[in-house]
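Reader: I'm new to this one and would like to learn how to read it. Could you walk me through it step by step?

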Amino acid sequence: MATLFLIVLSAGLASQWLAWHLRLPAIVILIGMGLLLGPITGVITPSHSPEALNAMIGLGVAIILFEGGMDLKLGELRHSGSRVGRMVFIGAPLAWGLGAVAAHYVAGLSWPVAIVLAAILVVTGPTVILPLLRQARLNKETAWLFKWEGIVNDPLGVLLAVISFQYFTSSRATTLTASLQDLGLSMLVGLVMGGGGGWLTGWLYRRGAVPVHLKAPILMVLVLLIYWASNLMQHEAGLLAVTLMGMVIGNLSIVERQALQTFKENLTVVLL
């Protein structure tokens with residue numbers, strides 16, 4: 001297990017260094033390295049069950065989304081708020097609908113499978129977008145737009161995929177109204193747990209209730225706890241909760257906010 005862990009860490013960081021050296025998007029080298037060490041050579045063969053592996057990946061993605069949420073400044077919406085709204089609230093449903101139509105009529109998939117697949121493909125995701133933005137030479141407003149779209153769309157796309165899957169596979173007679181209620185409940189849980197947890201954490205940090213050297217480690221644990229508790233309350237609400245938590249903390253006046261963000265950025269590089 002220790003050998004596997006070290007191989008993954010070494011190969012992952014070496015891939016990101018190579019991408020920086022070659023001026024290529026890190027995600028391209030990371031995928032290539034994963035294919036090389038996994039199915040091509042068989043050097044890495046995960047021994048964990050799919051459930052355990054998915055749980056570990058979920059915790060990593062939760063921290064990545066939280067760090068991305070911390071980087072979303074509400075002041076940026078003055079410049080690109082309307083465009084972000086169109087990409088999230090108009091673009092995502094359009095991509096979902098057109099993707100389902102293409103999957104059904106072009107790929108020949110059944111409607112249930114096509115709809116779930118299209119919901120999955122709505123997600124661009126910060127694990128892909130953020131490394132690309134580090135390499136792409138975009139102007140500031142365009143970079144803001146893609147950053148907001150990638151981070152906000154990720155938890156929403158996951159919710160759409162999960163609720164669509166539950167709708168088509170549930171043993172009970174699930175109605176569209178019940179599915180929409182699940183979506184609304186997920187967003188409510190995310191808002192309360194993420195928004196409330198972020199505000200409470202910021203309030204405690206500003207009052208000096210936590211020593212400086214423990215703020216970053218405690219924050220990381222709190223993020224994972226919010227993710228876990230939100231998922232317990234409502235399936236797959238955790239990603240939305242930690243994104244909102246990051247946004248709240250990132251927009252509060254915390255003295256050590258830059259140090260906290262630097263710690264999270266370094267952790268995100270390792271998790272990628």
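**Reading the fold**

Author: Read along the sequence, the protein chain runs α-α-α-α-α-α-α-α-α-α-α. Its radius of gyration is 19 Å, close to the 19 Å that the globule rule gives for 272 residues, so the chain is as compact as a globular protein of that length. That radius is taken over C-alpha atoms, and the rule is 2.2 Å times the number of residues to the power 0.38. Before we go on: this is a predicted model, where local features need pLDDT of at least 70, side-chain atom pairs count only at pLDDT 80 or more, and totals for chains, interfaces and linings use all residues. Residues are numbered from 1 along each chain as its sequence is written, and side-chain values use heavy atoms, with hydrogens and water left out.

Reader: How many helices and strands does the protein chain have?

Author: Helices (H or I, at least four residues) and strands (E, at least two) are DSSP runs, numbered from the N terminus. Here you get 11 helices and zero strands. The C-alpha atoms fill a box of roughly 55 × 45 × 40 Å, taken along the principal axes.

Reader: What share of the residues counts as buried?

Author: Buried means under 20% relative accessible area, exposed over 50%, and partly exposed in between (1.4 Å probe, protein chains only). In the protein chain, 39% of the 272 residues count as buried.

Reader: And how do I read contacts in the protein chain?

Author: Contact means heavy atoms within 4.5 Å. Take the contacts between residues at least 6 apart in sequence: 74% of them join residues at least 24 apart.

Reader: Which residues does Ser 164 touch?

Author: Skipping residues up to four places away in sequence, Ser 164 touches Trp 96, Ile 115, Val 116 and Ala 119. Ser 164 belongs to helix H7, residues 140–169, and counts as buried because its relative accessibility is 7%. A polar atom of the Ser 164 side chain also lies 2.7 Å from the backbone oxygen of Leu 160.

Reader: What about Thr 169, buried or partly exposed?

Author: Thr 169 is in helix H7 too, and at 46% relative accessibility Thr 169 counts as partly exposed.

Reader: Where is Thr 201?

Author: Look in helix H8, residues 176–206. Thr 201 counts as buried because its relative accessibility is 7%. Leaving aside neighbours within four places in sequence, Thr 201 is in contact with Leu 219, Leu 222, Met 245 and Ile 249. By C-alpha atoms, Thr 201 and Asn 139 are separated by 33 Å and are 62 residues apart along the chain.

Reader: One last thing: what is the phi of Arg 23?

Author: Start with the general idea: most residues other than glycine have a negative phi. Arg 23 has a positive phi of about 60 degrees although it is not a glycine. Arg 23 sits in the loop between helix H1 (2–22) and helix H2 (26–40), and is exposed, with a relative accessible area of 63%.

Terms used: A polar contact is a pair of N or O atoms within 3.5 Å; within protein, one must be able to donate a hydrogen and the other to accept it, and residues adjacent in sequence count only if both atoms are side-chain atoms.
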